[in-house]
Amino acid sequence: MVYSYYPGCTLKTKAKELDKNARLCAQALGFTLEEVEAWQCCGAVYPMGTDEIATKLPAVRALHAADEKGQSIVTLCSACHHVLKRVNEDMRQDKDLRTKVNNYIAQEEEPYTYNGEANVLHYLEVLRDQVGFDNLAAKVKNPLAGRKIGAYYGCMLLRPSSVMQFDDPENPTIFEDFIKAIGAEPVVYPYRNECCGGYISLKEKEMAEEMAGKIADNALSKGAEVLITACPLCLYNMDKKTGETLPTVYFTEFLAEALGIKEE
Amino acid sequence: MHGNNDYQQEQIRTISGAEDRKCMKCGKCSASCPSYDSMDIRPHQFVSYLRGGDIDAMLSSKSIWKCISCFACVERCPRDVKPAQIIEAARLMVIRQQGENYLSPDDVPELLDPELPQQLLASAFRKYAK
Amino acid sequence: MQRIGVFVCHCGTNIAGTVDVAEIVEMAKPEPGVVHAAEYPYMCSEAGQNMIINAVKEHNLSGVVICSCSPRMHEATFRKAAEKAGLNPYMVEIANIREHCSWIHKDKAEATQKALTLTRAAIAKVQLNSPLFPDESPVTKRALVIGGGIAGIQTALDIADAGFEVDIVESTPSIGGKMAQLDKTFPTLDCAACILTPKMVDASAHENITLYTYSQVDKVEGFVGDFTVTIRKKARSVDFEKCTGCGACSEKCPSKKSPSEFDQGLCTRPAIYTPFAQAVPNVPVIDREACLKFKTGKCGLCETVCAPKAINFEQEDELVERKYGAVVMATGYEPVSLDKFGEYSYDSSPDVITSLEFERLTNAAGPTGGALTRLSDKRKPKSVTFIQCVGSRDVTQRGKAYCSKICCMYTAKHAMLIKEKYPDIEVNIFYIDVRTPGKAFDEFYRRAEDEYGVRYIKGQVGKVIDNGDHLQIQAVDMLDNKKMELQTDMVVLATAIEPVESAKSIATMLTASIDTNNFMTEAHPKLRPVESPTAGVFLSGVCQGPKDIPETVAQAGAAAAKVIGLLVKDKLMSNPCTAKPDELYCNGCSVCENVCPYGAISYEDCEVNDHGVREVRRVAQVNKALCQGCGACAVTCPSGAMDLQGFSNRQIQAEVDAICR
């Protein structure tokens, strides 16, 4: 299976290992990630204002590029996934926005119309629904036995569930199922879907640290030794606060380790 | 002045796409908000201020810089009001005005650290500046 | 040509405020056939009706048009008046110039014009009316009550006391319903079992009542006065006649791991069981999914210990066909599933329970003998927190938009029951609004705070966090606008209620309608609240909408009164507005038979005389007793053979012509 792949800004810079391991693992698991040509930064936050048009265009261009190839578009970063998924849903549901966006697109060198046809998938959804966690477990060479891993979902993958359709927003299981598939022990803790503070850590460092601290304390109290995430910003916020007592790593790193293809 | 207020009220309703009239004042949005303690006006108050037309209070509130758009309030609201979108609309109303950006490129160098991901700068500029 | 009288009602200002009534009278006068036209402030009043009667006699009228409210409101009234005047009641037509005109328009000129159009249509129709005569149909003097909770029991008792036979069909092994599971009842705090058990015994002992427990309705045919119902008596695997109810079988049953339905899954029960000690009938059933004999072929211990030899593994479902004159829906409710409310940690924490589970936990006959303990570690809680409106007043996909009505009162009750037994336990209640209309209800709720020190906090809880040895409530006190991070040991969720799932399919069988929430629809929300729009089907209890026990019992009695009113009649007059085929035009295509929702149409080989040619043809026949006059056949018939009496194709065409004139 070949997917269009939208890495996003941070996976090309600070989060290279999230990107690299994902590509390696895809190969090992029998699917291919084809990077969308000339993709632009999605903006990292979904433009919520109903009158925001231009800020939604980068997402639309990537979505269209995938659709044109007849491929589903796969993301890794929670923020990119959130933006692409929601903009796509807007293009399906919001006629007014659709018209305005397409008016912009009509001015481009190679105009087209886009109506939300693309299918947006997160890498984890590919593992769950296309590869299958049972098949994944069968391909694991180095089971991470005895590792107590807390899944840190954060907010952007899950909410709003009516659009994201990713998992139960209050009681998600996809990460835990992943952890089981790679042979480790998932640690379920109530704060796994609370927000790490997101972009607020730039200017409101104390607030963000307090939020991250609550999550970490909660995970530690339930016995987690390490947290996994799909989001570079979550990793930054969590690590900054509690990196020493409770490290946070990208889920693809453990995936690569379990598949025996992790490059040192 | 009152006329301008009515206009702003409708603006916020339009930009947010939220429905303040559906609110039954249960407070679940505020109860779910991780930024609650840092806010001067709380999520449920944004809804009731919009309902009552107290737009100035919303626009001058510090809370618009504290909401992290985590959508916990949107997810759990039993009336489908979408409080986060009201706060976002208020924030947009402010930063769309000349000279009202909350973050300037000049501020950035001293906020940086070696681990800071690009995503953080991209999102902060989207939220704080136009 | 008919001699038509037109009578225009003011309905106070309801019509006259928007429609120029005098102009309607003047404009009606020159219409073909009209020999008399008059107006009156309230045509439905006695004086108004007398005016019609006198005019019929004075002007020798053969048809009457009343311009007034909807025919649903007063058609029957005016037909009776016409009959008094010696006219066939079906010579009356109503022009609805209120609901269809004055109430929905503002502009007087426009409304008057529309009222005139509607009046002309009615005049054109009545020109083609012909007298119709209803048939008589017999009434089977027996009622069926579906559901054996307090609603069904009370309805059955009241009907039975009036001297009519009643059958109760109950899907579980015992009657009693939800009320049997409750501990105390508000607002008097008398024990539910103490007031319900005698009624259960009365129902069982009543010579006019037959109980079909562990049974379900499989099929309904027929119509008011003459329903034929197939009841499936599920195999109990225990011989009803031989069983003495000694309980030895349940005691010895080795398969004791099934969750107890009666105890809301808080404890287990054997595979052969009676749901609770006071069950009526006191005859166990074998749960074949759990029974080792059925699963593996081995065991049969119950058979060995049963002295009267009542165990029968070979028993099969039995189908019973019975006739009824009336059917009462009393199917009740269930708490909604909390699967989608993960923020309250119901699925992940044993110490978060529903209110119905709390009823079992505080009940002396419940799994803990009435001792309040945490399900996780059997500790007595130091603090209990109640959360109201869980799933109620929730317009999103996961909730119910309506107020479940009973939760405010039972939560106050629960709080007081705790405080009564354990004054040292701290009790907090999170509420959005406290709604306690009802006799002695608000006083009851206030006692919880005033006398028992229960703390009411305004604000819906955001999240319940299970920290292992305690639970943490994340909420905001809306009156203080302060965040609360409250530690508690047990959380009780006032879960929304919804109609039982099977209500939908039973309603379909009865051709009775349900609303978007699957509650049964009333014939009129105010004036006919215990009748379904389907004749002969009545409503009792929560199947019609959320209600507490006093209301349920009152409605149960009201439904019984309506049933009795039907069953005392020897004959029912049927609606003569039924379909009528013209055998000369019928081409035997069966299209009408296929669209008829009531199974009223069949085909027969008949000898017809087609302009002197006698031949046998396959033609449609209508069973007038079954036909409800919906007209589906008439509009579907390709050859125009099928017509609806009182609404014939010609009459409808005449109305349309008059409107388009």
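The model is predicted: local features need pLDDT of at least 70, side-chain atom pairs count only at pLDDT 80 or more, and totals for chains, interfaces and linings use all residues. Residues are numbered from 1 along each chain as its sequence is written, with chains lettered from A and ligands numbered from 1 in the order in which they are written.

**Exercise 1.** Check the span of helix α6 of chain B and state which of its residues are buried.

Solution. Helices (H or I, at least four residues) are DSSP runs, numbered from the N terminus. α6(B) covers residues 83-95, 13 residues. The expected span is 1.5 Å times one less than the number of residues.
Next, burial: 20 or more other C-beta atoms, placed from the backbone, lie within 10 Å of the residue's own. The buried residues include P83(B), I86(B), E88(B), R91(B) and M93(B). In total 11 of the 13 are buried, so α6(B) is largely enclosed by the rest of the structure.

**Exercise 2.** Describe the side of chain B that touches chain A.

Solution. Contact means C-beta atoms, placed from the backbone, within 7 Å. By that test, 31 residues of chain B meet 35 residues of chain A. α1 (2-16), α5 (72-76), α6 and α8 (118-128) of chain B each give two or more residues. α8(B) gives the most, with 8 residues.

**Exercise 3.** Work out the strand order of the open sheet in chain C.

Solution. Strands (E, at least two residues) are DSSP runs. Two strands pair if DSSP finds at least two bridges between them. The order is β11-β12-β17, with antiparallel pairing. β11 (215-223) and β17 (318-324) are the edge strands. β12 (residues 226-233) and β17(C) pair over 7 bridges. In β17(C), L319(C) is the bridge partner of R232(C).

Key. A residue is buried if 20 or more other C-beta atoms lie within 10 Å of its own, exposed if 12 or fewer, and partly exposed in between; C-beta atoms are placed from the backbone. Two residues are in contact if their C-beta atoms, placed from the backbone, lie within 7 Å.
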